[in-house]
Amino acid sequence: GLANTGVIRYCHNSGTVHNRHLPSNIGSGKPADIMAGGLTPRIFNTSGRIECSYNTGEVKCAYYLGGISAKLGSNNSVIENCYNQGTLTVTEFVAGATTLGGISGTLSINAGGDLSSTVKNCYTVGTISLPAGASVTERMGGIVGYRNANNAIKPVAKINGVYFLSDLATPNAVGENAAICSDAPQSAAALKQQATFAGWDFSEIWTIDEGAAYPVLRPQDNE
């Protein structure tokens, strides 16, 4: 389903999410609606939130893919304290269109040109699988694939505390912009050290087996 004003909290997916529609056979449909996310395909534009949740399953799609959500809307939508360890598999590559991010495929911009949606305190170590002959493009990022605007925006305060495995094929945290969160790519060893995750809450939200495993969310009474 699609998240709107509600909150997705303490949820996880370990199965396969597969949007089987392909641009080559969708006919008169809308290719922009071909999307898949580990927890939801899209958070709409009115303050939807995903927090303290994770994905370890495979996400398969042709157009928009995200480890947590394929699309993150404007007007204060948030993904916070989440992680992805699942594979993002592009089922049919379309140059200039296929978009993927380890956490969210896209982030939207509000009417004033500011980035009003937030990705905070998230990481991904999931792998990326592309069809034969396809290559990483500027619409693919370790955290976010693409910002839905061509104008200059102020993104740093809205995308922070994020990390992804430097072994991934995507060189940047945000696909087309190497300047955003330039410290986001980290080695596997660094991502198993609490010190890497500056500002994260390891007392109430996260826990880590130091040096041996990536951070995970602490169990909650209502899980």
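Buried means under 20% relative accessible area, exposed over 50%, and partly exposed in between, with a 1.4 Å probe and protein chains only. Keep those cut-offs at hand for the tour. The model is predicted, so local features need pLDDT of at least 70 and side-chain atom pairs count only at pLDDT 80 or more, while totals for chains, interfaces and linings use all residues. Residues are numbered from 1 along each chain as its sequence is written, and side-chain values use heavy atoms, with hydrogens and water left out.

**Stop 1**

Select Tyr10 to begin. At 23% relative accessibility, Tyr10 counts as partly exposed. Tyr10 sits in the loop between strand S1 (7–9) and strand S2 (12–13). Strands here are DSSP runs of E with at least two residues, helices are runs of H or I with at least four, and both are numbered from the N terminus. Now check the backbone: phi of Tyr10 is positive, about 55°, although Tyr10 is not a glycine. Most residues other than glycine have a negative phi.

Next, pick Asn81. What is the phi of Asn81 near? Phi is near 55° there, again a positive value in a residue other than glycine. Asn81 belongs to strand S10 (residues 78–84), and with a relative accessible area of 6% Asn81 is buried.

**Stop 1**

A salt bridge here is a side-chain nitrogen of Lys or Arg within 4 Å of a carboxyl oxygen of Asp or Glu. Side chains of opposite charge can pair when their charged atoms come close. How many salt bridges does the structure hold? The count is three, and you can walk through them one at a time.

- Glu51 and Arg9: their side chains meet at 2.6 Å, N to O. Glu51 lies in strand S6 (residues 49–55) and Arg9 in strand S1, so the pair ties together parts that are 42 residues apart in sequence. Glu51 is buried at 13% relative accessible area, whereas Arg9 is partly exposed at 40%.
- Arg49 and Glu51: the closest N and O atoms of this salt bridge are 2.9 Å apart. Arg49 is partly exposed, with a relative accessible area of 25%.
- Arg49 and Glu80: here the N to O distance is 3.1 Å. Because Arg49 lies in strand S6 and Glu80 in strand S10, the pair ties together parts that are 31 residues apart in sequence. Glu80 counts as buried at 18% relative accessibility.

**Stop 2: an open sheet of four strands**

Now show the cartoon and colour S3, S7, S11 and S15. In that order they form an open sheet with parallel pairing. Two strands pair if DSSP finds at least two bridges between them. Which strands are the edge strands? They are strand S3 (17–18) and strand S15 (128–129), each of which pairs on one side only. Zoom in on S3 and strand S7 (residues 59–61), which pair in the parallel sense over two bridges. Across that pairing, His18 stands opposite Lys60 in S7.

**Stop 3: strand S18 and its partners**

Move along to strand S18 (residues 159–165). Is S18 mostly covered or uncovered? Mostly covered: five of its seven residues are buried. Strand S14 (residues 118–124) pairs with S18 in the parallel sense over five bridges, while two bridges join S18 to strand S19 (residues 185–186), also running parallel.

**Stop 4: the cysteines**

Finish by displaying the cysteine sulfurs. How many disulfides does a search of the whole structure find? It finds zero, where a disulfide is a pair of cysteine sulfur atoms within 2.5 Å. Cys122 is in no disulfide, and its nearest cysteine sulfur, that of Cys82, is 4.9 Å away. Cys122 is buried at 0% relative accessibility. Cys61 is buried too, with a relative accessible area of 0%.
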